[in-house]
Amino acid sequence: MKDDRLPLTVIGGYLGAGKTTLINKLLTDPRGQRLMVLVNDFGAVNIDAALLESADEDTLTLTNGCVCCTMGADLFMAIADVLARNPRPDHLIIEASGVGDPAKIATAAKAEKDMRYGGIVTVVDATNFARLSDDPMIGDQIKAQTACADLLLISKTGSIPPALRAQLSTLTGADQLLAGDVQTVADLLITPWGWPGTQLFSKPHPDYVNWSGTGSDDFSRAALREKISMRPPGLFRLKGFVRGDDGRGFLVQAVGSTVAISRIDQPDSTSLVGIGLKDRVNTEECGTWWQAG
Amino acid sequence: MSDITVFKAKKIITMDPNRPAATHVAVKDGKILAVGGADCAAQWGAFETDSSLADSVLMPGFVEGHAHMMAGAMWQYAYSGYHDRTDPDGKLWKGMTTIDEVVASLKSYAATLAPGEPLVGWGFDPIFLPTERLNRRHLDEIAADRPVVVMFSSFHVMCVNSAALEMAGYDEDTEAEGILTDGNGTPTGELQEMAAMFPVMHRVGFDFKKLSQEEDSIRSYGRTANRAGVTTITDLFATITPESLETLLSVTAEQDFPLRIVPTIGAMGAPADQIAAQARELAASSTDKLRLGGVKLMTDGSIQGWTARVKWPGYVGGQPNGIWNTAPEQIYELCEIMQREHIKMNIHTNGDEASEVVIDAIDAAMRKHPWRGARHVLQHAQMMGADQFARAAGLGICVNLFANHLWYFGDQHAALTIGEDRAMRMDACRSAKDAGVHFTIHSDAPVTPLGPLFTAWCAVNRTTMSGRTLGKAQCLTVMEGLHAITLGAAYTMGMDDEIGSIEAGKQADFAVLGSDPTAVDPAALKDVPVLGTVLGGRVNLL
Ligand SMILES: [Zn+2]
């Protein structure tokens with residue numbers, strides 16, 4: 001059992017927040033994935049020359065199999081071009097524009113059957129967020145970029161100031177990480193972690209909680225949706241297959257607060273895996289949720 | 001054989017104050033040699049008289065400062081709009097005023113397609129058909145065995161049939177914003193915004209960008225312009241690749257291609273320096289009939305979509321203020337760099353807050369990098385008031401007002417978007433003129449049909465679809481309206497040295513008309529027949 005759809009992760013955040021820095025780091029250590037990145041300006045993505053295989057007017061090809069491309073003015077047609085690529089990349093990352101709404105881009109992955117929602121990461125500049133979010137011109141757009149995020153990366157600070165943390169918490173329940181913590185972003189969103197029955201990470205990871213659950217109940221779509229919606233909020237990702245009560249099964253993919261449920265052939269048994277940050281969730285909590293009638 | 005041709009006309013309206021009217025115009029090497037009576041070229045040597053236009057009225061070829069190449073290309077698809085519209089080949093497509101008429105019309109169109117070929121319609125406007133919402137059931141009646149896609153005139157919404165939904169895999173299990181569903185979770189067929197539309201679009205091969213780059217599209221843009229009396233037109237927000245540039249160069253270079261095109265590239269999706277460099281490089285490829293080198297900036301959205309950035313008191317329905325497609329600080333940066341690099345900007349601003357930010361940004365750029373002759377143009381500028389026009393005039397900024405909106409959307413603006421007070425002074429041609437702003441007026445084709453005489457009629461009469469006059473104080477005279485679509489437009493495009501009036505030294509570009517627009521009732525200005533154009537002395541009658 002696997003999911004062949006192209007995952008899309010959108011990187012949001014205002015101008016200068018540090019979106020390209022994040023992209024550069026992801027490209028440098030792509031976790032064995034052939035990443036395809038659509039950016040506004042690849043001049044700003046400072047790829048290490050040693051990693052560069054070739055560069056032309058609007059495409060950078062890296063020796064690790066990743067490609068970085070400028071998207072031009074027509075983002076959605078650029079996405080269609082990515083879907084038409086052969087071979088298809090393993091993961092698509094799109095840098096939203098400084099005032100762009102990452103959710104609007106990510107919707108493409110929910111609508112397009114050959115794609116899968118792979119999360120929104122919004123980079124927040126600790127030094128000017130309070131001012132920008134209060135700006136009469138762009139404040140609403142800045143707040144919307146933050147509210148739709150599954151992960152917040154706070155840049156330009158060594159520790160997240162309590163006032164900022166509090167303000168961001170009023171906008172979103174998303175985990176707040178320091179921007180230097182690219183490892184966690186890659187672990188949670190890029191690294192292909194195991195399907196039920198396979199090892200989650202190659203070795204136990206101290207920062208994460210891994211959970212897996214099985215079951216014999218046959219779910220209706222509504223009941224499954226209800227069940228998934230009750231999952232512990234700290235369970236950042238959840239995926240697996242679930243038996244349906246109509247002879248067909250469900251494929252579940254949850255990232256942050258977004259849940260996608262699609263239909264598959266009936267699996268032999270129901271099996272789910274999940275991961276979350278250790279300080280946000282524990283396996284007992286997950287087990288209690290899953291076992292609850 | 002002489003190399004001087006003297007065209008005889010019933011009347012020539014020159015737009016040249018030195019000789020406002022004439023009966024003959026002499027042409028040599030594609031340019032105007034002399035204007036006047038039958039002997040106007042006598043002092044230049046032997047000439048031949050061409051009487052093929054003797055029964056026509058000539059004006060300077062009309063100049064459209066805001067349109068898109070798609071205006072021609074859309075006719076590859078089935079027209080589905082409310083208003084009558086003429087295609088590039090002169091066929092009249094009757095407007096469809098009920099959903100049943102849309103269905104019947106598209107059904108007969110489907111019969112002309114190959115089996116299984118997708119049927120794409122365009123121009124549908126739900127605002128005018130309020131009784132029922134178009135849905136998949138209607139479109140299934142048109143065809144069940146092929147995808148049917150009807151693009152709305154806003155280009156932000158489409159409706160598709162069951163076959164198209166199936167193609168995209170949209171069913172009761174699909175959950176994404178923009179895929180509208182009924183009470184049971186079944187998609188109704190209505191898809192809103194690109195994220196929900198593109199899975200259908202790429203599967204039926206409906207690609208705006210490619211469409212605008214095809215040879216056929218360029219040719220049909222030429223024919224569309226020819227029918228409207230237009231000899232010079234923009235293609236704002238063009239995407240130009242090395243291959244599409246080749247195509248543009250070769251099609252426009254054809255002797256019988258009847259149009260000068262001024263494409264401006266979109267200043268988005270790349271850093272300012274890079275855009276400036278591309279514009280500069282393109283400028284070097286310019287020819288007589290293809291003028292490259294300008295850029296188009298986006299700022300806010302649209303008023304009827306409630307996405308324009310408007311000043312207090314905002315929208316009458318209490319909708320939140322609109323959105324920036326380019327952040328104000330980026331607008332400042334783009335303006336500064338384009339000004340520094342001497343690159344002419346066309347800047348989309350619908351709401352008055354957006355206009356204000358752009359005026360501020362250009363003001364700041366001008367202080368740093370003086371360039372007096374820049375003639376940057378605010379495009380649409382629909383809500384600018386006298387105060388903003390005064391500032392624009394002081395800075396040498398031109399405006400291109402969306403006069404066609406007065407008729408098409410004027411009633412809606414008064415009732416639903418910005419309210420009576422500001423709707424009365426929308427697209428304020430009189431205020432612009434009084435302030436001394438160089439201005440023109442536009443169609444934004446294909447958003448509304450290309451037709452400068454209609455656009456001038458809008459600015460002269462300010463009549464809405466319900467028949468009211470929206471802001472009498474802003475009406476232009478007929479001569480002012482005609483100036484706006486000729487010399488006024490040429491000035492805003494920095495081409496008034498060679499087009500926009502019929503006078504010695506300029507290009508022999510004419511609109512060939514069936515009657516005298518200055519002699520008809522101003523309310524009939526839009527009905528003056530266009531018989532064709534002359535481009536560089538070459539006659540292209542319909
Ligand atoms: Zn336009």
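Along the sequence, the residues that donate to the zinc ion follow the spacing H-x1-H-x375-D. In this predicted model, local features need pLDDT of at least 70 and side-chain atom pairs count only at pLDDT 80 or more, while totals for chains, interfaces and linings use all residues. Residues are numbered from 1 along each chain as its sequence is written, chains are lettered from A and ligands numbered from 1 in the order in which they are written, and side-chain values use heavy atoms, with hydrogens and water left out.

The protein donors, at 2.1 Å from the zinc ion, are His66(B) through NE2, His68(B) through NE2 and Asp444(B) through OD; donors are N, O and S atoms within 2.8 Å of the metal (3.2 Å for Na, K and Ca), and sites may look incomplete because water is not among the atoms. His66(B) belongs to the loop between β6 (62–64) and α1 (70–73) of chain B, and Asp444(B) to the loop between β21 (439–441) and α16 (452–461) of chain B, so the pair ties together parts that are 378 residues apart in sequence. Here helices (H or I, at least four residues) and strands (E, at least two) are DSSP runs, numbered from the N terminus. His66(B) counts as buried because its relative accessibility is 1%, and Asp444(B) counts as buried at 8%, where buried means under 20% relative accessible area, exposed over 50% and partly exposed in between (1.4 Å probe, protein chains only).

Elsewhere in chain B, Asn540(B) is found in strand β24 (residues 538–541) and, at 12% relative accessibility, counts as buried. By contrast, Glu57(A), in the loop between β3 (52–56) and β4 (59–62) of chain A, counts as exposed at 70% relative accessibility.
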